[in-house]
Amino acid sequence: MPKRRLRITVLDLVSKGPTRSTFRRLMNANTASLMPQVIATWCEQLGHKVRYICYTGFEDIDEMLRDDCDVVFVGSFSRSAQTAYAISNLYRRRGAVTVLGGPHARCYPEDAALYFDYVLGFTDKIVLDEILNEAAPHRPAGRFLSAAKQPTELPLLEERWKFVAQTLAKAPLVKFVPMIGSMGCPYTCSFCIDSTVDYQPLAFDRIRTDLKFLQTKMRRPVVAWHDPNFGVRFNDYMTAIEDAVPKGRMRFIAESSLSLLSEPNLQRMQRNGFVGILPGIESWYELGNKSKTGKSTGMDKVRQVAAHVNTILRYIPTVQTNFVLGLDCDSGEEPFELTKRFIDLAPGAYPAFSLLTAYGAAAPLNLDFQRAGRVLPFPHHFLDSNHAMNVRPLHYDWAEFYGLAEDLTLYAHSRSQLWRRFSANRGLTAKAMNFVRASSSGRAKFQGKIHRMLVNDPSVRGFFAGETTVLPDFYRNRIRRQMGPLWDALPEGALMHDPNAYLKKHEAARLAAE
């Protein structure tokens, strides 16, 4: 038993504020993170009283935060950081100790420590137990703790089921059960948070146990694998599924590399119920090992990847292809036009575009960006790979880049492309989800607004150029509106951050070692 039984709240911030989006209502609960459920389970196993909340943007915030507790764990991506900071501030006022985990804690530990008592890197049960045994405020700067590596074992699905079920109850139609079979990634994409994390598979016998348990709780459930790159040990995964799941009893969604999706593997995945796959294409000029295109670039790579994606679509009905816009290898209109040609050649795939973003200490490449003075101090609220690109592009001026991005997004979501995608998709679910997602997206409209402001608004143009760190009113007002009632709880100074903190820490460590 613990020294004292703590009242603990575990909060997973799926949304950064209230929302009314139809697509978000359908899907936000399905994007819940797995680690907050793990933390909640471990806290109970260590003898504490736990309240778990998945915030999807549709809950009453005042009611959600009304509880009294001793310790609050918040899981957050950077896009929800300002929301996390405000929530921590509210709980600290009432005497609670606050803890931040998740991607934002790993990417911006120095900034997060200004607003939380504990900031977590890799987290296992030993680290968690240390926090709960101490459970003390650390102010003005929080304490950073991290295990040497990712945990080698997580609670079984049965052990965290009540937290999973609570979240699934918020998904009105499609319900995804989060599972994971591996940590890290064997690829070294320089912009990715997992590029420096060793690939580490979890025990396949426990995966079998989880899959068997799930069949006792849901009829034909959909499992969303949270592996950074699913299927690296492909045969082991498929064998575990085949051992545990009778044909037709379960469906699966995963993120994987094209290099792993050979036709024999696709045939086996189809037999085992895979209905969705999210391969990363990223660039038409680099990362050929990940896309299985070798040294092919440009239009040659477009044709090769489109043919591969069309093959995938013959076996798996829903495919999302992921691209990164603004990479240093891109210049001129060509990369955008090549992506249009891909959309024409593979109409059944849903194209997802991310803007190149340097998430603090997430990847070694960010040191190069910071040394070159290319990282802008956009508030974390906009760092979702869509609403701000915080790296000054190497071969574009800002207005040109946003004009090209807007044009590509309009093309991808045009009526003609919506119809071609709808016609090419198989099955009502794939057709409906892709149609609702594209038709409700406001991304092109937002990009167009930024493009026009870059042309006409000197305050926006100066901020993007790095001539001033004063945040334009457009962005400040948008944060205030999207945070809703939590805006008033945002601590002083929490709107902005030091975009070069990673470099400063790295250089200080280098000098200390000399």
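Predicted model: local features only at pLDDT ≥ 70, side-chain atom pairs only at ≥ 80, totals over all residues.
A residue counts as buried when its relative accessible area is under 20%, as exposed when the value is over 50%, and as partly exposed in between. By that scale Ser441 is partly exposed, because its relative accessible area is 28%.

**Ser441 and His413**

Ser441 sits in the loop that links α18 (428–439) to α19 (443–456). Ser441 and Ser76 are separated by 365 residues in sequence, while their C-alpha atoms lie 23 Å apart in space. Among the residues in contact with Ser441 is His413, which, when its neighbours within four places in sequence are left aside, also touches Tyr350, Leu418, Arg421 and Ala438. His413 belongs to the loop between α16 and α17 (415–424), and it is classed as buried because its relative accessible area is 19%, a value that falls under the 20% limit.

**The open sheet**

Six strands form an open sheet in the order β7-β10-β11-β12-β13-β14, and their pairing is parallel. At its edges are β7 (176–179) and β14 (350–355), each of which pairs on one side only, and the twist from one strand to the next averages 20°. Helix α16 (residues 398–412) packs on this sheet, where it touches β13 (318–325) and β14, and the direction of α16 makes about 165° with that of β14.

| Strands | Bridges | Residue pair |
|---|---|---|
| β10 (222–225) and β11 (251–256) | three | Ala224 and Ile253 |
| β11 and β12 (274–282) | five | Glu255 and Leu278 |

On the α9 side the contact is made by Phe204, Ile207, Arg208, Leu211 and Lys212, and on the α10 side by Asp236, Tyr237, Thr239, Ala240, Ile241, Asp243 and Ala244.

**Backbone exceptions**

Most residues other than glycine have a negative phi, and most peptide bonds are trans. Arg220, which lies in the loop between α9 and β10, has a positive phi of about 45° although it is not a glycine, and Arg220 is counted as partly exposed because its relative accessibility is 35%. Glu282 likewise has a positive phi, near 65°, but this residue is found in strand β12 and is buried, because its relative accessible area is 10%. The peptide bond that joins Arg139 and Pro140 is cis, with an omega of about 15°, and Pro140 lies in the loop between α7 (125–134) and β6 (143–145).

Note on methods. Residues numbered from 1 in each chain as written. Heavy atoms only, no water. Contact = heavy atoms within 4.5 Å. Helix = DSSP H or I, 4+ residues; strand = E, 2+ residues; numbered from the N terminus. Pairing = 2+ DSSP bridges. Axes fitted to C-alpha atoms, helices over the stretch in contact; angles between N-to-C directions. Buried < 20%, exposed > 50% of the residue type's maximum accessible area, 1.4 Å probe, protein only.
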